[in-house]
Amino acid sequence: MRGQHFQTSPPVRDLRQRVGDTAARDELIKGNLRLVLSVIQSFACRGENPDDLFQVGCIGLIKAVDNFDLSLDVKFSTYAVPMILGEIRRYLRDNNSIRVSRSLRDLAYKALQAREALSSRLSREPTVDEIAAETGCPRGDVVTALEAIADPVSLYEPVYSDGGDSIYVLDQIPDTINTDENWLTGIALNEAISHLTDREKRILLLRFYRGRTQTEVSDEIGISQAQVSRLEKGALEKIKKEL
């Protein structure tokens with residue numbers, strides 16, 4: 001849609017003599033729209049409207065064009081990308097339904113600075129305990145603060161690709177419910193239930209799947225509550241024995 005407006009970015013050096021020219025400014029903005037597009041692709045899994053992100057990214061691009069120092073020997077893209085990223089992250093932070101308190105953000109930034117300093121000093125990634133000691137804050141508070149400012153990651157974000165099928169974040173999360181043990185237990189349970197009488201199956205269905213009381217079950221199937229209790233207990237004993 002917007003791809004038709006993307007142009008080849010004009011070299012900044014060719015525009016140095018036209019810095020005050022509005023047309024040159026517009027040409028530089030339009031010629032670097034591809035930078036905005038490449039940046040917003042990294043936010044594709046956030047569930048945000050891409051058109052909104054594109055517009056916000058363009059604001060960052062415009063700021064980069066207006067503030068770029070031509071005297072510096074730096075590529076314009078090197079300067080512009082962080083500006084675009086910053087504008088989009090600020091937009092996402094301000095529009096996030098989950099608000100992080102100012103004190104928590106301050107602690108998080110303090111922890112990040114401590115981590116950077118420790119990394120340089122130790123020549124390795126510091127532990128949380130070391131970061132906490134450096135900041136003088138409790139370990140739990142540091143962990144909470146760092147987690148609060150971490151960007152959410154989509155379960156379907158690829159973490160590795162070797163030209164074939166990609167490995168996603170979802171593939172790295174263990175399934176603690178559908179384990180082999182639970183799967184085998186489920187098979188054994190179904191097998192044990194199959195040996196019960198129809199009345200015993202119905203009582204267990206009403207009691208444990210539909211949440212009925214023994215009195216309600218007795219009224220529904222037309223036997224006394226004592227009989228329901230006896231049949232229920234007997235059915236559970238049979239299942240226990242089978243398992």
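**Salt bridges and a nonpolar patch: group meeting talk**

Okay, let's start with the charges: there are twelve salt bridges in this structure. By salt bridge I mean a side-chain nitrogen of Lys or Arg within 4 Å of a carboxyl oxygen of Asp or Glu.

Quick housekeeping before we go on. What you're looking at is a predicted model, where local features need pLDDT of at least 70 and side-chain atom pairs count only at pLDDT 80 or more, while totals for chains, interfaces and linings use all residues. Residues are numbered from 1 along each chain as its sequence is written, and side-chain values use heavy atoms, with hydrogens and water left out.

Which lysine does glutamate 87 meet in a salt bridge? That's lysine 63, with 3.1 Å from N to O. Lysine 63 sits in helix H3 (residues 50-67) and glutamate 87 in helix H4 (residues 76-94), so this pair ties together parts that are 24 residues apart in sequence. Helices here are DSSP runs of H or I, at least four residues, and strands are runs of E, at least two, numbered from the N terminus.

Glutamate 87 also has a salt bridge with arginine 90, and there the closest N and O atoms are 2.9 Å apart. Both of these residues are in helix H4, three residues apart, which is about one turn of the helix.

So, buried or exposed, what is glutamate 87? Buried, with a relative accessible area of 13%. Lysine 63 is partly exposed at 35% relative accessibility, and arginine 90 is partly exposed at 36%. For the cut-offs, buried is under 20% relative accessible area, exposed is over 50%, and partly exposed is in between (1.4 Å probe, protein chains only).

Next, glutamate 130 and arginine 124: their salt bridge has its closest N and O atoms 2.7 Å apart. Glutamate 130 is partly exposed at 25%, and arginine 124 is partly exposed at 40%. There's a network of salt bridges too, linking Arg25, Asp26 and Asp66.

Leu205, Phe208, Tyr209 and Leu236 make a nonpolar surface patch of about 420 Å². Patches take residues with over 30% relative accessible area and no salt bridge; like charges are joined within 9 Å, and nonpolar side chains (Val, Leu, Ile, Met, Phe, Trp, Tyr) within 5 Å. Accessible areas come from the Shrake-Rupley method with a 1.4 Å probe, and for residues only the protein chains shown count as cover.

Which helix gives the largest share of the nonpolar patch? Helix H9 (residues 198-209), with three residues. Tyrosine 209 is in helix H9, and at 64% relative accessibility tyrosine 209 counts as exposed.
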